[in-house]
Every structure is written in C-alpha cells, then in structure tokens.
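Here is a short report on one protein model. Look at the sequence and the 3D view first, then read on.

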Amino acid sequence: MNPKLPLLGLLYFVQGIPYGLQSSLLPIYLRTAGLSFTKISLTKALYFPWILKVLWAPFVDQFGSKKKWLLLSMSGLALTCLISAALSPETNFAPVALILLLMNFWASVQDIAVDGIAVQLLRNEEVGYGNTVQVVGYKLGSVLAGGGLLAVMDVVGWGFLFVFLSAIYCTITLYSWGNPALNMLSKTCSNEQRTKIPSLNPWRILQELLSVPGTFWTLVFVLVYKLGEQGATSMFPLFLLDNGMSARELGLWNGMVAMGFSIIGSSIGGILMSIYGAFSLMKTFFVIRLGGLAFQTFLLFVFNSNSLLMKGAAILSISVQHFIGGLITTLTFTIMMHCSQKADERIQATHYSFLATLEVMGKLTFSALAGWIVDWIGFPASFFLFIILSTAAVVHVFKVQVTGR
C-alpha cells in the first residue's frame, strides 16, 4: 500500500471529528432540549473560523513547515477537548460554545496544513485515490463524533466523551511527529523556503489565486454545488424527529448507517474516476441527486411514523442521499486539488484553502438560514426551494462544456 494514504487518512479522520460533533450530535441534543429550528441553525456560526481560514492560510503556507503547524493545531485540539470535558452544556452553554468555536479554529489551521501536505505529497496519478482517502477518513471521523458518540452519550456522558476525543488527538499527534514521510517533506520544504521571499500582500495573493487556470469556474461550483443537498440533509432528520422518530433512531440511521452509505459512495467515486472522467460522472450524479431530493420532498406529505413502510422509505431516502452526496464530494475535492496543483508551489495550500473556504462558506451560510426558512415557510415550501437550488447546480455543471474547462 502507498504509505502516503494511511497517513492522510488518519489526518483527515481527526479533522472530521469537530464537524461530526457539531453537525450530527449537537442539533439532536439541542432539539431534545426544546430549542427552535432557528436557534439550532444559528449554532452553525460556530463554524465561522472555517470561513476566515483563508486569512491565516498564507502564514501556514509561507512560514514554518506544514508539519509544525500540524502538530501545533492538533495539540490545540487536544487541549480544547480537555477543557470542554470539564464543562456542561446544560449549565455552561456559552463557555462550551466558545470552546467549540476555538476547536473549529484549530481544526481550520490543521485543515490548511493537511491540505498543503496532500497537495505536495500526491503525484498527479495519485490525486483520485488521495481524495478518496481524504473524504472517507473525514467522514469516518464525523461518524465517530456524530452518530457513534450520540448513540452512547446517554451512557458515557459529556465529560468522558471529550476526554476520549482528547486522547485520540494526542495519539495522532505523536504518530505525526515521528512519521518519516512528514519528516522528509518538512526538510524539503525548509530548503525551498530559503530561496523564496514570503509575500503577505492580500491583494497580490488574491490576484495570484484567481489567475490560476480554471479557478473562476471552480469557485462558483464549490459555492453552489451542495446548497439544496445541505438544506435537505440538515432539516429532514429534524422533520423526522418532530414526526415521531426518536433521537436514538436518528443517531443510528442518520448518524451512522446513512454516513456509512456516504463513505461507500466516496470510495466508489474514487474507483469510478480511474475509469471515467470526473466531469461526466458529476453530471450524471447531479441529475440522480435531484431525483432523490424530489422523492424526499414527496415523503414530507405522506410520512407517518407508525408505518414501517414510511419509516423504511425515509431511511432509504436518507441513505441514497448520503451515497450520492459521498460520490459527489470525492469528485469535487479531486477537481479542487487538480486546480490547485496548477498554482505555484508557494501558494498551493493557500489556493486549495481558498477553494475549500468557499466550499464551506456556501454550505455554512445556507445551513444557518435553513432552519429560519423552515420556521418561516414550512417544510414543503423549503424543500421545493432546495430542489430549485439543486437544479441551478446541475445547470452550472453542464456549463463546463461551454466554458471549455
């Protein structure tokens, strides 16, 4: 096995933990405590450091080695988890929110370092497999922190949960510190940095980023490609919760089983890319995703939690949605990495972080608004809006032939 892949898999695994914790565990926890959809959606603001990470990406890119930034960020994550273990969301919600915000900051720094390591380590023919490992590793971390921990949280409690996460971060930090591939990359990058003058002029950096071939099409794509899907994945489980399904059931089916389908989809996406082109696959899966979203919208009108058939249909819709979403995510990050590899090595991690920031911004902004939209116009009208947004994404993907990218 290529030794680069297990390393990247572990690094992306721990990177997915904060996302799973806040996207799967926290909303269900807060809803069972009686909070409104609007307030639950506003907790997405804790992801704000991910939007701003492009501001500190040039520092990670041009000062020190990626390995040093990686070790610093994971040590910060281990410490924030220990602090959170000593707090209680029921009585210390504001401090817990602050700690989660800080956790997202350290996770965003780690993301920049790991993406830079991946861009530099992977050869062109390895990018597809590397991004499969990236997405699968990230989602496994998300599954552990989201569905897995949600299922056992009643037994182990909030404090033990975060002590466990801190131990994971400490273990991976030690593994990264002694990894030969990272040591070799660190020495190579240090030698190259001596011959290059760092530039932190924001306007100049932005001009360099936008001048990379294919950047404009890609940045529009990452902003819009998941808007409809994101609205549905964040709100449909809450619809099921309000209509008779328990938090434990959702932890199992939405937090673990459906995420398992997402991981399978991501893995298959990497295999298919070795046979077909990324863009031809993207067009096909975008159309299929649109059909799945239409089916889920139909379920809003007929769902009955007392019917096993209806429950099965709802679980099937979630599983298919996550499977297709996994395929699309792997293809998307492969397209992003290919685009970033066209940039000068001095700004490759910054370029990738720029695209990744826009990708998170599109999802985060709409996730923060989705609950308010549902509170305002109801579930059916909201899902029709999600369908319209998904249709717009399909149109943009088909425009790639016109742009000649």
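## A buried pair

Aspartate 111 is buried, with a relative accessible area of 5%. Buried means under 20% relative accessible area, exposed means over 50%, and partly exposed lies in between (1.4 Å probe, protein chains only). The model is predicted: local features need pLDDT of at least 70, side-chain atom pairs count only at pLDDT 80 or more, and totals for chains, interfaces and linings use all residues. Residues are numbered from 1 along each chain as its sequence is written, and side-chain values use heavy atoms, with hydrogens and water left out.

What does aspartate 111 meet in a salt bridge? Its partner is the side chain of lysine 53, at 2.0 Å from N to O. A salt bridge here is a side-chain nitrogen of Lys or Arg within 4 Å of a carboxyl oxygen of Asp or Glu. Lysine 53 sits in helix H3 (residues 48–62) and aspartate 111 in helix H5, 58 residues apart. Helices are DSSP runs (H or I, at least four residues), numbered from the N terminus. Lysine 53 counts as buried too, at 1% relative accessibility.

The structure holds 4 salt bridges. One of them joins arginine 289 to glutamate 229, with the closest N and O atoms 2.8 Å apart. Arginine 289 lies in helix H12 and glutamate 229 in helix H10 (residues 227–242), so this pair ties together parts 60 residues apart in sequence. Arginine 289 is buried at 7%, and glutamate 229 is buried at 7%. Lys226, Glu229 and Arg289 are linked in a network of salt bridges.

Glutamate 249 pairs with lysine 311, and their closest N and O atoms are 3.0 Å apart. Glutamate 249 is in helix H11 (residues 247–273) and lysine 311 in helix H13 (residues 308–340), 62 residues apart. Glutamate 249 is partly exposed at 25%, whereas lysine 311 is buried at 17%.

## Two helices crossing

The axes of helix H4 (residues 66–85) and helix H5 (residues 93–121) come within 8 Å and cross at roughly 155°. H4 and H5 are therefore roughly antiparallel, a label for angles over 145 degrees.

## A nonpolar surface patch

Phe295, Phe298, Phe301, Val302 and Phe384 form a nonpolar patch on the surface, with about 490 Å² of accessible area together. Patch residues have over 30% relative accessible area and no salt bridge, and nonpolar side chains are joined within 5 Å. Helix H12 (residues 278–302) gives the most, with 4 residues. Phenylalanine 298, found in H12, is partly exposed at 48%.

Note on methods. Patches are made of residues with over 30% relative accessible area and no salt bridge: like charges are joined within 9 Å, nonpolar side chains (Val, Leu, Ile, Met, Phe, Trp, Tyr) within 5 Å. Accessible areas come from the Shrake-Rupley method with a 1.4 Å probe; for residues, only the protein chains shown count as cover. Axes are lines fitted to C-alpha atoms, for helices over the stretch in contact, and angles run from 0 to 180 degrees between N-to-C directions. Angles under 35 degrees count as roughly parallel, over 145 as roughly antiparallel, 65 to 115 as roughly perpendicular and the rest as oblique.
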